[in-house]
Amino acid sequence: MLENHQVVKRSLNDSVMASNRVAAGTGIKGLASNQLSGPIGIFVDVNLDLYVADCQNRRVQLFQSGESKGITVAGSASLNPTIILSCPTRIILDAEKYLFIVDMVNGRIIGSDLNGFRCLVGCYGMGSESNQLASPSGLSFDRSGNLFVTDDENSRIQKFKYLKRYCVNTSSVFQKTYSSSLTNNSQMYYRDCQKENFYYESIQVKVIKSGYYSFRGSGAIDPYGSIYKNKFNPLDPSENLLDQDYDRCSDIQFKLNIHLDVGMIYVLVMTTFESKETGEFSIVVFSENEVTLDRLSTPVSIQLKYSSKLTDDSPTYYRDCQVPQCHYETLQIDVNTTGLNKINPFMGNINDREPDETYRSNEDMLLYDVINRETRYAVPGDMIQFHRGGYEHWGIYIGNDKIIQVTVFDFGNAFLNALASIHRTIHTVGKHTAYAKITEESFCEVLGDNGKARINNFKDNEWRILPAVISVKRARDSLGKEGYNVLANNCEHFATWCRYGDRLSGQEEAFWSTATFGMYQRR
């Protein structure tokens with residue numbers, strides 16, 4: 001029961017009218033061992049132990065027969081975390097008690113063996129190639145052990161041949177050790193949306209034969225390891241990412257078991273779990289074949305800071321449809337050595353601006369984030385708040401400068417249009433006068449000629465945030481719906497439902513409070 005955050009059971013011997021009995025979950029979503037949040041798939045083994053794909057908690061829970069508290073067997077909260085999940089949807093346990101998991105948001109199938117979890121299918125990013133998946137939702141095996149996967153966004157069912165489990169033999173002939181250290185002169189990057197600086201070292205990995213390789217890291221730092229296909233882009237750490245792992249609460253602080261192909265270049269990136277940690281580290285690679293590790297990143301030896309100011313006297317240019325007169329300054333950059341040079345532009349402090357100045361009029365989706373008090377680029381799943389004079393409008397950003405929103409049609413009446421614009425319903429003889437539809441528009445079209453916009457995920461610190469893929473899917477699945485009950489589902493309700501799974505509108509409360517006060521004054 002996805003929305004009720006529970007798993008219920010019924011005996012085949014019970015009458016049809018018998019009540020369902022709770023097998024797992026309290027009915028209130030949460031992260032505790034006896035709670036679930038958006039469970040989607042289940043599996044019951046021969047011992048009547050229950051395995052639950054706890055989507056929004058990004059984990060797989062095991063509820064042993066008769067127990068109300070679960071054990072996390074897969075996911076970052078497990079006792080021995082070996083893989084990170086993002087909305088698991090289906091699970092199967094084979095005769096040897098090995099788990100197979102559909103990791104929907106990551107677009108892959110995960111399997112376990114004696115060495116923990118590893119990626120089986122979709123290990124090279126989401127897509128439509130024969131070895132890729134896009135939002136898979138289900139899996140099954142046939143008698144020959146072939147794997148069948150429901151590949152939702154590609155509108156297909158994929159069959160994969162059975163692969164023998166790979167067990168790393170730590171006594172293999174080939175064992176490669178790489179040692180180095182992160183220092184204050186190491187290169188830095190933003191690892192995630194928290195915008196914290198992390199020192200890192202990138203290492204090129206080459207193999208002479210396709211097969212499975214095990215990377216194990218340890219050291220004085222708390223290492224965080226990631227491996228990429230082709231190249232590592234520090235400006236977009238999710239690009240080309242194959243797998244990542246961090247602290248395993250043991251001497252082995254991260255472990256990656258992964259299949260590598262000959263002729264392909266891979267990049268292993270070593271960073272730290274906490275921001276700006278420094279110290280020594282080592283990586284040991286176990287395999288049946290030779291592997292070479294070569295350092296790519298070099299310490300930063302020169303840092304140059306340039307400061308200036310744009311004024312009313314600065315030259316202007318036509319940047320886009322919303323900011324035709326944009327002040328600018330040009331710089332000439334000369335280098336004497338070819339290589340990667342990182343430029344970090346920094347704007348003055350914007351936290352002291354008046355509230356109205358937190359809105360932006362630009363079309364490039366570089367907006368002010370109300371919750372984090374910073375200017376950043378919008379990412380899919382963000383709630384965008386548009387300021388339109390006397391009222392606020394809301395939409396969900398889905399990427400590529402596109403917004404999905406509740407659109408209210410023109411009624412030819414100024415009073416009704418004003419109410420319709422804030423997505424309220426006027427009841428006339430039991431019918432809705434206002435008529436709304438879920439539409440997709442460009443950011444520029446929603447913004448309008450004199451509009452302003454900002455990022456306002458105002459419940460992020462209180463409510464659980466749905467994965468971005470789920471938020472975008474909810475918005476897209478709603479496209480075209482019309483005859484909306486706009487009294488109970490306004491534009492803000494729609495946005496919060498997409499991002500959090502619940503409907504909330506502060507604007508509605510303010511509206512009715514104002515309306516009630518106004519009627520009282522007229523008496």
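# A walk from Asp401 through the fold

Let's start at Asp401, which counts as partly exposed because its relative accessible area is 34%, between the 20% and 50% cut-offs. You'll find Asp401 in the loop between E29 and E30. Take a look at its backbone too: Asp401 has a positive phi of about 60°, although it is not a glycine.

Before going further, keep in mind that what you're looking at is a predicted model. The average pLDDT of the protein is 76, and 74% of the residues score at least 70.

Now zoom out for a moment. The protein has 523 residues, and 45% of them are buried. Its secondary structure comes to five helices and 34 strands. If you take the contacts between residues at least 6 apart in sequence, 59% of them join residues at least 24 apart.

Next, follow the chain to the loop between strand E6 (71-75) and strand E7 (88-93), where Ser86 sits. Is Ser86 buried or exposed? Its relative accessibility is 9%, so Ser86 counts as buried. Leaving out residues up to four places away in sequence, Ser86 touches Arg58, Asp103, Met104, Val105, Asn106 and Pro467. Cys87 lies in the loop between E6 and E7 as well. With a relative accessible area of 0%, Cys87 is buried. Cys87 also has a positive phi of about 60°, though it is not a glycine.

For a contrast, hop over to Ile208, in the loop between strand E16 (197-207) and strand E17 (211-219). Ile208 has a relative accessible area of 59%, which means that it is exposed. Ile208 still has contacts: apart from residues up to four places away in sequence, it touches Val262, Asn289 and Glu290. Check Gly263 as well: 55 residues separate it from Ile208 in sequence, but their C-alpha atoms are 7.7 Å apart in space.

Let's finish with a pair of helices, H3 (residues 468-477) and H4 (residues 491-500). Their axes come within 7 Å and cross at roughly 140°. Why do we call them oblique to each other? An angle over 145 degrees would be needed for roughly antiparallel, and 65 to 115 for roughly perpendicular, so H3 and H4 count as oblique. Where they meet, Ser471, Arg474 and Ala475 come from H3, while Phe494, Trp497, Cys498 and Arg499 come from H4. Sorted by class, this contact between H3 and H4 has four nonpolar, one polar and two charged residues.

Notes
Residues numbered from 1 in each chain as written. Predicted model: local features only at pLDDT ≥ 70, side-chain atom pairs only at ≥ 80, totals over all residues. Heavy atoms only, no water. pLDDT = per-residue confidence, 0-100. Axes fitted to C-alpha atoms, helices over the stretch in contact; angles between N-to-C directions. Helix = DSSP H or I, 4+ residues; strand = E, 2+ residues; numbered from the N terminus. Parallel < 35°, antiparallel > 145°, perpendicular 65-115°, else oblique. Contact = heavy atoms within 4.5 Å. Nonpolar A, V, L, I, M, F, W, Y, C, P; charged D, E, K, R; others polar. Buried < 20%, exposed > 50% of the residue type's maximum accessible area, 1.4 Å probe, protein only.
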